[in-house]
Every structure is written in C-alpha cells, then in structure tokens.
Amino acid sequence: MTARTPRTRLLAACAVLASATLALTACGSSGSSSGSGSTGASAGATVKAVTADPSLAALVPADIKSGGKLVVGSDASYAPNEFQDDKGTIVGMDVDLANAIAAKLGLKAEVQNAGFTAIIPGIGANKYQLGMSSFTDTKEREQTVDMVTYFTAGTSSAVKKGNPDKISADDLCGKKIAVQTGTTQADAIVDVINPACVKAGKPTVPNDGDKFDLQTDVTNAVVSGRDQVMMADSPVIDYALKQTGGQLEKLGATTDSAPYGIALAKGSALTPAVQQAVQALMDDGTYKEILQKWGVEAGAIDKAQLNGATS
C-alpha cells in the first residue's frame, strides 16, 4: 500500500502490456500497540525475547533515548504485515520487527495506527520517528526520507474462487479492480494499465480502479462480488487467500519484487542505529523467527541496506 504515498511496490501487469514491463511500486486507522523485548500478538510460533545491545543503544540520539521509546507510524489494515487483532491491538510482521528493533536499542516501540498517506508527512513533522507500513523503497521516496531495507515483496492479484468471470492475468482491461488508495497498484491502473488499454483499443478499468482507504475493504469488495479483481503486495494476497476460507484464488503469478524499507527522516541521526539494529536481528536469527511466525519467510533478505531502492 504506498508514492505515491507510503507503501510502494513493483507491479507487473497486463498482457495488453506484453511489450512492456511494469516497473511499479506498491503499497502498500487509529490505535496503538507498544512492545518491549518480546514481539506482538502471535500468528504462529513464539519469538524469543530481544535484549538490548549496549553498543547499538549508544548510537541512539540523546533526545530519543531520554524519551525511552520509538514512535512508529503504521497503517494497520494490511495483514499480515500490520493489522488489528480482535481486541483492537496492532499486530503483524512489521509490529514484531518494530518491537525487536526498539528492544535492541534499549527502547520500547509505540506503534500508532495512521492513514497510509499520512505516515511519511508525519515523519517530516516529527510525529513519528519511524514509518513501518510495508513501504517499498523507491528512488523517488528516498528523495524525501531515508529507507532501511528489511524485506522483499512482489505484486499479486486475486479473484473469486473458480474465477467465475474467466479473467486473464494478462488482460485486465475493462475489469473492476479493487486497490488500496495511494498504493503503487492504484498508480499502475492510471499510469500503465489504462493507457495500454486505450492504445490497444480496449475498455479501460472503470473509474481508474475501485479505491479504498483500508486493505480489508479491498478484500471484501472482491469477496462480496462488488469488484472482480484485487491487487496488493504478495504477502497480503497470500494472507487474504487463507483468511477468506477459500473464497478467493490467486490470479497469475507474483510479479516484480522490490525491497520494503523502514522510513526515517532524511539524514536522521537515528538511521545508523536502526540500520545496525535490523542487521543484528538478521544475524542473530530473530528476524527469521519473526518472518516464520507470520508465514512470510519467502521475503527474507540478509542485508539491511540504507537507501537500497532498485527503481
């Protein structure tokens, strides 16, 4: 869910585009969740507690250290990366990682639910120190914030089980497509898919896509039959297939992968501490445990890079 606004991802798309490759980025509420050495609510295996590393804690700027916490902005509608459980607590892969990063730095994470498009501006306004909301690291985004890479994801699509409308992943022209507002997938409809449809003499996607503020509403739009196709990041689609009890099926293959990044203020003194904390979690196995807990280990990487955008 994301340049656009916050989360961006790569999207590859329609065969009408057979001659073109989509190099897009994706994406890609209110409440809060705080954590310390342990990670958030579980979806599977328990993750070991994280203890502070004095050498990393020493890198934390004095004003943040004195406050004792990292304030993290996250749009909690993008399961399994960030979402609210049945008690309203924000949980997910990004939440567990935020808690672990904070613990490594001798702090606690305070994860605040925010509208996706409000997170990056919130970092600029010092409302949040970090943005962890499945943001794709893009060169465009790096002009505004620093990004520490920690995951990789592609773009996927889904339709109702049995694909009753016989939709082809290679031709989405004229189809009712549900997307989250501000995501790369939403941008792809306007910037890539519809122009290609016009060029091919085919009908465009109605209204440039059916856009929703919450990813959960995107899923519901396809389950209910309001829309024919949904587009989102690959882990989100995979999770939606499981959570809807067989009411959806994947359409085509996952396309173009791109890195997720933790967003921080451009040139922030906190960035080296966060980058090294993420790397430490990768090296000691905690990172892999968190991904396995949420069933997203396919997106694991082994090096936390600063501004590692591929496009």
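The model is predicted, so local features need pLDDT of at least 70 and side-chain atom pairs count only at pLDDT 80 or more, while totals for chains, interfaces and linings use all residues. Residues are numbered from 1 along each chain as its sequence is written, and side-chain values use heavy atoms, with hydrogens and water left out.

The chain contains 10 helices and 12 strands, where helices (H or I, at least four residues) and strands (E, at least two) are DSSP runs numbered from the N terminus. Of its 311 residues, 56% are buried; buried means under 20% relative accessible area, exposed over 50%, and partly exposed in between (1.4 Å probe, protein chains only). The accessible surface is about 11900 Å², and carbon and sulfur atoms account for 49% of that surface. Accessible areas come from the Shrake-Rupley method with a 1.4 Å probe, and for residues only the protein chains shown count as cover.

Two strands pair if DSSP finds at least two bridges between them. β9 runs parallel to β11, joined by 2 bridges, and Ala 178 has Met 230 of β11 as its bridge partner. With strand β10 (residues 210-212), β9 pairs in the parallel sense over 3 bridges, and Val 179 stands opposite Lys 211. From β9 the chain passes through helix α6 (residues 184-199) to β10 in a right-handed β-α-β crossover, meaning that, with the strands pointing away from the viewer, the path from the first strand over the helix to the second runs clockwise.

Helix α8 (residues 234-243) has several buried residues, among them Val 236, Ile 237 and Tyr 239. The buried residues of α8 pack against a set of elements that includes β8 (145-160), α7 (215-223) and β12 (248-265), with contact taken as heavy atoms within 4.5 Å. After α8 comes Gly 245, with a positive phi near 60°.

Rings of Phe, Tyr and Trp (its six-membered ring) pair if their centres lie within 6.5 Å; planes under 30 degrees apart count as stacked, over 60 as edge-to-face and the rest as tilted. This rule gives 5 aromatic pairs.

In one of them, the closest N and O atoms of Lys 48 and Glu 289 are 4.0 Å apart. Lys 48 lies in the loop between β1 (32-35) and α1 (54-57) and Glu 289 in helix α10, so the bridge ties together parts 241 residues apart in sequence. Lys 48 is partly exposed at 38% relative accessibility, and Glu 289 is partly exposed at 26%.

Conventions: A salt bridge is a side-chain nitrogen of Lys or Arg within 4 Å of a carboxyl oxygen of Asp or Glu.
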